[in-house]
Amino acid sequence: MNYTLRDIAEICGGEISGSDRAKVSRLSIDSRTLYQAGDVLFVAIRGERHDGHQYIPELIRRGIRSFMVQEIPAPEENRDGEVSFLLVKNPLKAMQSLAGHHRSMHKALVIGVTGSNGKTIVKEWIHQVLSPDKKIVRSPKSYNSQVGVPLSVLLLEEDTEIAIFEAGISLPGEMEKLQHIIKPDIGIFTNIGEAHQEGFENRTQKVGEKVKLFRDCRTLIYCNDQLELDEIIRKEFKREKLFTWSENNKGDLNIVELKDQEGGKKITIDYHGERTELDLPFQDKASIENAMQVISLMVLLEIPAVVIQSRLADLNPVAMRMEMVKGINNCSLINDTYNSDIISLSIALDYLNQQNQHTSRTLILSDIMQSGKEGDELYREVAGLVKKKNIDCFIGIGPALMNQQRLFGENSRFYPTTADFLSHMNSMEFKDEAILIKGSRVFAFEKITQRLQEKNHRTVLEIDLNAMIHNLNTYRSMTNARIMVMVKAFSYGSGSAEIANVLQYQKVDYLCVAFVDEGITLRESGIHLPILVMNPEVSGFDLMIDHDLEPEIYNFRSLFTFIAALERRNLESYPIHLKLESGMNRLGFREEELDQLFEVLEARPAIVIRSVFSHLATSDEPEYDDFTRLQISTFQRMSDRILDKFPGDTLRHILNSAGIERFPEAGFDMVRLGIGLYGIGTPAGQNLEAVSTMKSIISQTKSVKKGESVGYGRNYIATENLRIGIVPIGYADGLRRDLGKRGISFLVNGTEAPVLGNICMDMCMINLSGINAQEGDEVLVFGKEKPVTELADKLGTIPYEILAGLSERVKRVYFHE
C-alpha cells in the first residue's frame, strides 16, 4: 500500500480532521498488535462485542497518528495536533471499498477459494507448488471473513504475480460483498458440507450464496462427483467456464487409479487421454481431495507434468495452529516449524509478544524459502520486524541469513545449518524466556524443539486457545456486563500464566484467583489486569498489597486486619470486594450485619468498595430455580443498601457460568466466568467448544489368558483371553484409582477401550480386544470426541474436580491458530 489519507478519503468517501497528507502503508483493526506507529491507519470497527473507538486514546499515546472512525473522539482524547481522523459512515464498509479499489489497481492473477472445508489447506498448498516460480500474495491464516478478506487483498503489491484469497460466509448476502473485493479470475470450490450451516435455510441456499464469489471469474474448478454442488453450478455457469475433476471418470481431469504406498498414495490422473502418475505424501481422503484441487489448477495453468510430479511429492503438512509447551530452565517454547514466510512470521511474533510471563524474547528463524523476494529486500524486512516486535535475541540459521547478518542488531547469532547450531548450543544459555522457533521444513527445526523442550512423559493435556476465545466471546454475547474470569486452581488445570495471558490479550475486565500465591504468580508473569483474591489469609495481606491484589472481605476479622495493614502503610482508597451471604451459607456478611458494617466502613478512608458480590448455589439445576431467584433477590436488596450508603463506581456481581446462561437478567455490572470458559456449560450453552484434551499412548501390548489377573490387588480377573494395552497415566497424574470399577473407558483409534483393574500410580491397563491398535498409538482420555463430562458422570462427580485434579507433571501443550 502506498496511499495518503486524502487518497483514501477520495476512494471511500468521508471527511478528514487533521492532516490529509499522512502516509498510509498498512491498515490495522487490532490495537493489541500495534507496537510501533509507522505509516499505519487504525480502522475503528464497531462490532457486537467490541468497539475499536475505545482504544483510540491508548493508541494515540503509543504514537499512532491516523484513524478511520465512525465518530471523532472528544478533544481531550486528542491532545496531539498531528493526529488525523478520517470520518466515515461505516469503517468496515469503507475498508472494504478501499480493498476493492486496491484490487482493481493490480493485474495479478487472482485465485478465489471457498467451500465448507479445506479452504486454508488448498490455499497454502497452491502457494507451496507455485511460489518457486511466481511472486505470490495469499490470505494470512484463515483471513476469510468480511474483515479478513479486505485485509488480505490490501497485501497486494505492485510486483505480485499471483494472489490467492479464501472467502468464508455465515449468512446470506455476505459473499456478494467479498466478490466485489476479491474479483477472482480463477475460482476453486473445495466441497460442500454441514460446516457453518446455521445461517442458511438449507445446503442449497448455502451453495447458491457461495458460488456468487465466482460470478465473473474465467474458470471455476470443482469436483463434479458432488452431485448437489454440480447441479447448482451447472445451472449458474456456462460449461466452458467449468473445469471439473472426478474419481468416477466424468470430469475434465480424472483419477484413474489410487494405490497405497509407503508414506502416502500413488495417484494416476488422466487429462485428455494423457496419463500421469503422481506421488502424494498423504493417505487420508481429505488430503487427496485437497490435492486434486491443486493438481487441477496446475493442469489448467498448463504447468508441465514433470513439475507437477515434483511439487506434489514435496507437499508439506499445513500447520493450522502454533503449539506452545514448557521448555527447559523455565522457558516457554512456541513451535511453528512447519512454515516460514514474512506474513506468518509477523503473526507468530505478535503471539510471542503476548507471553508476558517472560521479559525476554528470543526468535530462532531459518532462511525463508520461496518468498519471491530478493535476499536484501526480504531480510531487510525480517530485520525490521525483529526490531519492531522487540526481540531481545535473534538466532538465524541458513546460508541466506548468514549472508545478511549485517542487517541485524548486536544481540544476534548466525549458523549455516541446524546441525551447526545444535553442536554449539548450550542449553543453560536459554533461561526464563519465551522462545519462538520458526523454520522452513527442510531445516528440521523439530530437533531444536526436542532439545529445548522440558522432558515429560507421554501423557499430555492439550489446551485449544482458539476454542477458549470462542467460548469467551460466546458468553460475551449473552451479557452486556463486564467479565471477570476465574483462573483459580491452576486455571482449572489448564495453566495459570498461559491462560491469563490470553485473557489479558482478549481484554477481559478482571481475573479472580483463590489464594494470594496464585495472584503473585500472575503478577510475576506480567499480568497487569486487576485481580481479586477470593480466599485471602490474613497473614498474606502485606504480600497482597505489595503485588496490587484486591481481597475478598467476608467477615469483620478480615476487614479489621486488612484495614490495619493499610493504615500501617498510610494507604487510602485501596479496593476491596465485599462478599454477601445470600443463601449458600458459606463465606459472607449476613443481612443483619450490614448496619455494623456501615459503621466500620464510614470511619475508614483506607478502603474503597470496588465490588459487592455473592455466590449462587444451584444456578445449573432447574429444579432449584426458585431458590436461585430468592438468592438473587436477597443479593439485590442487600447490595442496594450498600450502594445507597456508599454511592460511587461500585460493581455488583452474582452470576457464575451457568447463571450467565440461565439468568441473564441478573447480570448487574459484572459476571464471573469459570468452567464455561473451558467448554462446559448447561444445555443452554450448546455453542461452547471443548478446550482441554487429555491423551497418552500405548506403551506396550500383551496377551492375558482367561483366569489371569490384571493390576494391583488382582482386582480384575480375565473371563476370557484378552489383549491389553499399558498406558503411562496413573493416579499421580490425576486419575482416580478406582476408575476400573466405574465402567470407564478410553478411546483408541475411534473405539472404546475399557479400563481394567486398579489404576497404578504411573500407569493403567486397558482392554484392546477387537481393536486394531499397536504400541505407540494414541489413547484419548477425554476431549472433543469424548467429553470430560462423560468421565465425571461415571465417577459421580463434576468436571471441575476432574480438571482441577490433573497433576502439574502432565505436560500442557497450548495450541493457537
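**Entry 1: starting from one phenylalanine**

I began with F782, which touches L461, S692, T693, M694, P787, V788, L791, I802, L803 and L806, leaving aside residues up to four places away in sequence. Contact here means heavy atoms within 4.5 Å. Before going on, I noted that this is a predicted model, where local features need pLDDT of at least 70, side-chain atom pairs count only at pLDDT 80 or more, and totals for chains, interfaces and linings use all residues. I also noted that residues are numbered from 1 along each chain as its sequence is written, and that side-chain values use heavy atoms, with hydrogens and water left out.

Next I looked up the core around F782. The largest nonpolar core has 124 residues, and L511, L559 and F782 touch the most other members. Another core, of 49 residues, lies apart from it, and its members include A163, I169, I192 and Y222. A nonpolar core is a set of buried Ala, Val, Leu, Ile, Met, Phe, Trp, Tyr and Cys residues joined through side-chain atoms within 4.5 Å. Buried means under 20% relative accessible area, exposed over 50%, and partly exposed in between (1.4 Å probe, protein chains only).

In what order do the strands of the open sheet stand? I found 9 strands in the order 9-10-8-11-12-13-14-15-16, with mixed pairing. Strand 9 (136–138) and strand 16 (274–280) each have a single partner strand, so one side of each is left without a neighbour in the sheet. From one strand to the next the twist averages 20°.

My notes on terms: helices (H or I, at least four residues) and strands (E, at least two) are DSSP runs, numbered from the N terminus. Two strands pair if DSSP finds at least two bridges between them. Strands of a sheet pair through backbone hydrogen bonds, either parallel or antiparallel.

I then checked strand 8 (residues 109–114) and strand 10 (residues 162–166), which run parallel and are joined by 5 bridges. V110 has A163 in strand 10 as its bridge partner. Helix 9 (residues 285–300) packs on the sheet and touches several strands, among them strand 8, strand 11 (186–189) and strand 12 (219–223). The direction of helix 9 makes about 140° with that of strand 13 (242–246). For such angles, axes are lines fitted to C-alpha atoms, for helices over the stretch in contact, and angles run from 0 to 180 degrees between N-to-C directions.

**Entry 2: a look at strand 13**

Are the faces of strand 13 covered or uncovered? Both are covered: L242, T244 and S246 on one side and F243 and W245 on the other are all buried. Strand 12 runs parallel to strand 13, with 4 bridges between them, and C223 has W245 as its bridge partner. Between these two strands the chain passes through helix 8 (residues 227–236), and this β-α-β crossover is right-handed. That means that, with the strands pointing away from the viewer, the path from the first strand over the helix to the second runs clockwise.

On to strand 14 (253–261). Strands 13 and 14 run parallel, joined by 2 bridges, and W245 stands opposite L253. In the loop between them I found N249, which has a positive phi of about 60° although it is not a glycine. N249 is exposed, with a relative accessible area of 63%.

**Entry 3: rings that meet**

I counted 16 aromatic pairs. Rings of Phe, Tyr and Trp (its six-membered ring) pair if their centres lie within 6.5 Å; planes under 30 degrees apart count as stacked, over 60 as edge-to-face and the rest as tilted. Y415 and F421 have ring centres 5.3 Å apart and planes at 65°, so this pair is edge-to-face. Y415 is buried at 10% relative accessible area, and F421 is buried at 0%.

F556 and F589 are also edge-to-face, 5.2 Å centre to centre with 75° between the planes. F556 lies in helix 21 (residues 556–568) and F589 in the loop between strand 28 (574–579) and helix 22 (594–602), so the pair ties together parts 33 residues apart in sequence.

**Entry 4: an enclosed helix**

My last stop was helix 18 (residues 496–505): 10 of its 10 residues are buried, so this helix is largely enclosed by the rest of the structure. After helix 18 comes K507, with a positive phi near 60°.
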